[in-house]
Amino acid sequence: MPKNSPLSAETRALIKAQMSRRGFIAGVGGAGAVGLLAACGTGGSKTEASAVVDVSDTEKIARWANWTLYLDFDEKTKSYPTLEAFKKSSGLDITYKEDVDDNNTFYGKVSGQLKLGKDIGYDIVTLTDWMAARWIRLGYTQKIDADGIPNKVNILPALSDVSFDPGRTNSLTWQTGFAGFGWNKEKLPGGVHSLDDLFAPANKGRIEVLSEMRDTMGIIMQYQGVDPSVTFTEAQFMNAIDFLKARIEDGFIRQVKGNSYKEDLISGDAIAVIGWSGDVFQLALENDGKFDFAIPESGGTLWSDNMMIPSTSTHRKNAEAVMNNYYDPAVAAQVAAYVNYICPVEGAQAEMEKIDPTLASSPYIFPDAAALSKVKVFATLTPEEETKYQTAFQTATGN
Amino acid sequence: MAFIAAVSKRSSNVRGIKRPSTPYLLLIPGLSWLAMFFIFPLITLAGTSTQTTPAGGDTGTYVQTFRFANYIDAFSGAREQFLRSIVYALIATLLALAISYPLAYAIAFKSGKWKNLLLVLVVAPFFTSFLLRTIAWKQILGNEGPVVTVLRTLHILGPETGLTASAFAVVTGMTYNFLPFMTLPLYASLERIDPRTLEAASDLYANGITTFRKVTFPLSLPGVVAGTLLTFIPAAGDYINATLLGNPKTKMIGNVIESRFFEIVDYPTAAALSFMLMAAILILVMVYVRRAGTDELV
């Protein structure tokens, strides 16, 4: 998930999309764009041949697609210190691009090429769990050679084995974060600790929830006593949808959106949200502690973004070298000090003590067992479930 | 085809052009552009719209099964947004007409040496991105913005009432964004009016209102029709104003198409909705143009 920026990820995605699609959209409601994109292949089936030749030894490059403001950045030199240092020490020419604005949009952009086995222009992509699951399932990723990443042993035990990638053979966690409640402390001194607090009558029309289905629904389901991390029934999911629908219908929820809820918290248009830990933490820092974040009493969600090597990459070894660098605790601490999300690297906390002791004790960056016991990772859905639930969620939110 | 025939007929009358193939050659670039970027995608789109997911197929896998019921499903799922798009676009078009007509009239007849400057000002917003202008409205109408502050001071709005995230904001944004499309054709048709027709009207003892009603307005009708079409068509398909200025209850058909395409990866429904939107707009426009009966319009 991207972090602070004058424009939200949603807005940036729109601006980008506008450049290519506006002419069509304006005229025929996207008909042209849909047609063109459909013509490029409707994507989805497994790649036939994944026999790419690794040319890492002759081409010393690596191309990385990541979310915006998701790597330590020096405003003065306009560069990424950890990346620059690694470029020097490794001799690799690394192209770092903030090209991921939204999991779905990014997938829509590259899936046609992946299906045809054509180079998508990246050697590392950074995508959220459920999208990573889809890539791995479809064979759009390469196996990562553990020998190429000695630092892989530093991954937090909780993240070392995940349902969508047993044994972490094809992915490696980049950052992790919580979804929970964010609120304006001046307007709501009592704080928001449950969905009842969030939907208190006084907040009517000034509440925003995430457009990321798994986070918003995961929180509502846990409020209703359903564990979203294990198999649940369709009726249980639809119950939660009904809850969301009712709150939209009666005007409690102002908007359903991605990162741009931050702008609305600052402007005062929204006073309480379902949002992401790192975002709210960053907002609080920039606004003299005006905002606070809490994991819901009934339970929040935990998501991760994962680095993967696309099946089309011909620079696997170089990509592994980059991943290895960021699993060095000292480097990971430097990144965490900037991005404020949960650091997936063991030993980074000790390194953080040297950089900033207050950050080292932050429950947002280095959560303790108590915090982790209050969050769930949304269960992996089958393709049919994903389509069905996503449709229900989109319909409930007015789309 | 009638058009091609007309062109070739005319060209044969023009001195100097001997080869009858010339008009066809001239049509090649335009037609091939249309074939490549309009007709071909349209056919693909039509194909996509009747596809279905095979049993056990992964997200985004579709095969052709000619399931025309896709259209019924798509429509019944988005009836509300369809209707809303048409209503919002209609209101925005009428508002734009009400605002643009006096503006275009003033520029055409009363602006004197300021005419060019005023025209540039009408077009000036085009120099900034459509999106940035819409985001600006979010600030202007926002709770801390000037409009709300003034209205609250005047007790027109309650202390907790805002303007953004509402149907009002969406229609306002649309009206603003498509205003130049209305103003320019209106100006062009008003500007073309022969002043002698207006003099004739006053010679025949028509007062200002009668002159406007019987002479100016009828002569500007082509501009009115062109302006309303240029505003209504893009407004009905717009989704950016609804995304940035609306709430979940003001989503338009463009939002539904976008979410089906990108969020759900449901290409057939997105394609079916796009087709229905095109058809709906086409029918509305045809009825309108026929009723308005402006043959000179092109």
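Buried residues make up 52% of the 399 residues in chain A. Keep in mind that this is a predicted model. Chain A has 16 helices and 10 strands. Now look at its contacts between residues at least 6 apart in sequence. Of these, 79% join residues at least 24 apart.

Let's take one helix from chain A. Helix H8 of chain A covers residues 234-249, which is 16 residues. From first C-alpha to last, H8(A) reaches 22 Å, close to the 22 Å expected at 1.5 Å a residue.

Which residues of H8(A) are buried? They are Phe237(A), Ala240(A), Ile241(A), Leu244(A) and Arg247(A). Look down the axis of H8(A). The buried residues fall within an arc of 120°, so they line one face of the helix. Here is the general rule. An α-helix has 3.6 residues a turn, so residues three or four places apart point the same way.

What does the buried side pack against? In chain A, the partners are helix H7 (213-223), strand S6 (253-257) and helix H16 (383-396). Turn to the other side of H8(A). There, Glu234(A), Ala235(A) and Glu249(A) are exposed. After H8(A) comes Gly251(A), and its phi is positive, near 80°.

On to chain B. UniProt lists residues 82-288 of chain B as "domain: ABC transmembrane type-1", in an unreviewed entry. In the model, that span is 78% helix and 0% strand. Its end C-alpha atoms lie 19 Å apart.

Now a pair of helices in chain B. Helix H4 of chain B runs over residues 79-110, and helix H12 of chain B over residues 253-263. They pack at an angle of about 135°, with their axes 7 Å apart. That angle makes H4(B) oblique to H12(B). Which residues make the contact? H4(B) brings Gln81(B), Phe82(B) and Ser85(B). H12(B) brings Ile253(B), Asn255(B) and Val256(B).

Last stop: Phe232(B). This residue lies in helix H10 of chain B, residues 208-237. Is Phe232(B) buried or exposed? Phe232(B) has 24 C-beta neighbours inside 10 Å, so it counts as buried; the cut-off is 20 or more. Leave out residues up to four places away in sequence, and Phe232(B) touches Ala89(B) and Thr93(B). Then compare sequence with space. Phe232(B) and Leu90(B) are 142 residues apart in sequence. In space, C-alpha to C-alpha, Phe232(B) and Leu90(B) are 6.5 Å apart.

Note on methods
Residues are numbered from 1 along each chain as its sequence is written. Chains are lettered from A and ligands numbered from 1 in the order in which they are written. This is a predicted model: local features need pLDDT of at least 70, side-chain atom pairs count only at pLDDT 80 or more; totals for chains, interfaces and linings use all residues. UniProt positions are given in the numbering used here, feature names are shortened, and annotations may be inferred rather than shown by experiment. Helices (H or I, at least four residues) and strands (E, at least two) are DSSP runs, numbered from the N terminus. The expected span of a helix is 1.5 Å times one less than its number of residues. A residue is buried if 20 or more other C-beta atoms lie within 10 Å of its own, exposed if 12 or fewer, and partly exposed in between; C-beta atoms are placed from the backbone. The arc is that of the directions from the helix axis to the C-beta atoms. Two residues are in contact if their C-beta atoms, placed from the backbone, lie within 7 Å. Axes are lines fitted to C-alpha atoms, for helices over the stretch in contact, and angles run from 0 to 180 degrees between N-to-C directions. Angles under 35 degrees count as roughly parallel, over 145 as roughly antiparallel, 65 to 115 as roughly perpendicular and the rest as oblique.
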